[in-house]
Amino acid sequence: MSPRLELRGLTGGRGQAAAFRDLDLDVAPGAVLALLGPNGAGKTTLLLTLAGLLHPRRGQVRVDGAPVRPGRAVDANRAGIVLVPDNRSLFTSLTVEENLVVARPGRRRRGPGGGGDAPVPQELLDLFPALERRRDVAAGALSGGEQQMLAVARALVQRPKVLLVDEMSLGLAPQVVELLFATVRRIADDHATAVVLVEQHVSLALQVADEAAVLSRGAIVLRGPAAELGRDGARLEQAYFGVAAPQPAG
């Protein structure tokens, strides 16, 4: 199966220092990759670069084999790359439904002649029953868990080929986190979406992911099946400290 997301020789960062260097990485359609690593390893910077919000210094990003113009968020989005940022970035004065409507690709603007935006797909609201009950409530009045659901839903309404999720569990109740992780898994399975999941809650990330990779000191120092790495805590610990454990031959 051809990769949905490909990174080839990708180098980038903010300011003078490179946060990551010469990264090669593939994610298949329908696969969830847990991108792990210590604070400051460059995980968020990598997601921002993939989403076109930061310009890489060199290298290439491809979606379904087609190169994505670097450093251009609109081009990354058109290619099918959608980011759920760690700060959610909601329009807090707009309602739940309005946040979803404005995120729809190709939406029509309301005008003097009538018309208006198409409604939000019911299948999307079915994923988050709590949002359907609160569809007329301003995003700023939602709980933290509801806001995170809305941030994920707003990404999904764009029908991403590649979904980038940054620190989804931060500050949320365990039952909300379980729902969000299950939703990400379902989206990958049902829509062949490639998911890159940055998450400090390592055990949860490994449960939902197919593969995991540890980014440390600017390089991928460990990668393998998520279930296998979840059973090898010592190997993960070595990778987190920036020292790769011995890799099996082949």
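Helix H6 (residues 144-156) packs with helix H7 (residues 174-191) at an angle of about 10°, and their axes are 10 Å apart. H6 is therefore roughly parallel to H7, a label for angles under 35 degrees. The model is predicted, so local features need pLDDT of at least 70 and side-chain atom pairs count only at pLDDT 80 or more, while totals for chains, interfaces and linings use all residues. Residues are numbered from 1 along each chain as its sequence is written, and side-chain values use heavy atoms, with hydrogens and water left out.

**The contact of H6 with H7**

- On the H6 side, Gly145, Gln148, Met149, Val152 and Leu156 meet Val176, Leu179, Leu180, Thr183 and Ile187 of H7; contact means heavy atoms within 4.5 Å.
- The residues of this contact comprise 7 nonpolar, 3 polar and no charged.

**Gln147 in H6**

- Gln147 lies in helix H6 and is buried, because its relative accessible area is 16% (buried means under 20%, with a 1.4 Å probe and protein chains only).
- Leaving aside neighbours within four places in sequence, Gln147 is in contact with Arg88, Leu90, Ala139, Gly140 and Leu142.
- A separation of 33 Å lies between the C-alpha atoms of Gln147 and Ala219, which are 72 residues apart along the chain.

**Strand E1 and its partners**

- Strand E1 (residues 5-12) is mostly covered, with 6 of its 8 residues buried.
- E1 runs antiparallel to strand E2 (residues 20-27), to which 5 bridges join it; two strands pair if DSSP finds at least two bridges between them.
- Glu6 has Asp26 as its bridge partner in E2.
- E1 also pairs with strand E4 (residues 58-63) in the antiparallel sense over 5 bridges, and the partner of Arg8 in E4 is Gln60.

**The open sheet of 6 strands**

- The strands of this open sheet follow the order E6-E7-E8-E3-E9-E10, with mixed pairing.
- Strand E6 (81-84) and strand E10 (219-225) are the edge strands, each pairing on one side only.
- From one strand to the next, the twist averages 20°.
- Strand E3 (residues 32-36) and strand E8 (residues 194-198) run parallel and are joined by 4 bridges; Val32 has Val195 as its bridge partner in E8.

**Helices on the sheet**

- Helix H1 (residues 43-50) lies across E3, E6, strand E7 (162-166), E8 and strand E9 (211-216), and runs at about 150° to E7.
- H6 packs on the sheet as well, touching E6 and E7, and its direction makes about 175° with that of E6.

Definitions and conventions: Axes fitted to C-alpha atoms, helices over the stretch in contact; angles between N-to-C directions. Helix = DSSP H or I, 4+ residues; strand = E, 2+ residues; numbered from the N terminus. Parallel < 35°, antiparallel > 145°, perpendicular 65-115°, else oblique. Nonpolar A, V, L, I, M, F, W, Y, C, P; charged D, E, K, R; others polar. Buried < 20%, exposed > 50% of the residue type's maximum accessible area, 1.4 Å probe, protein only.
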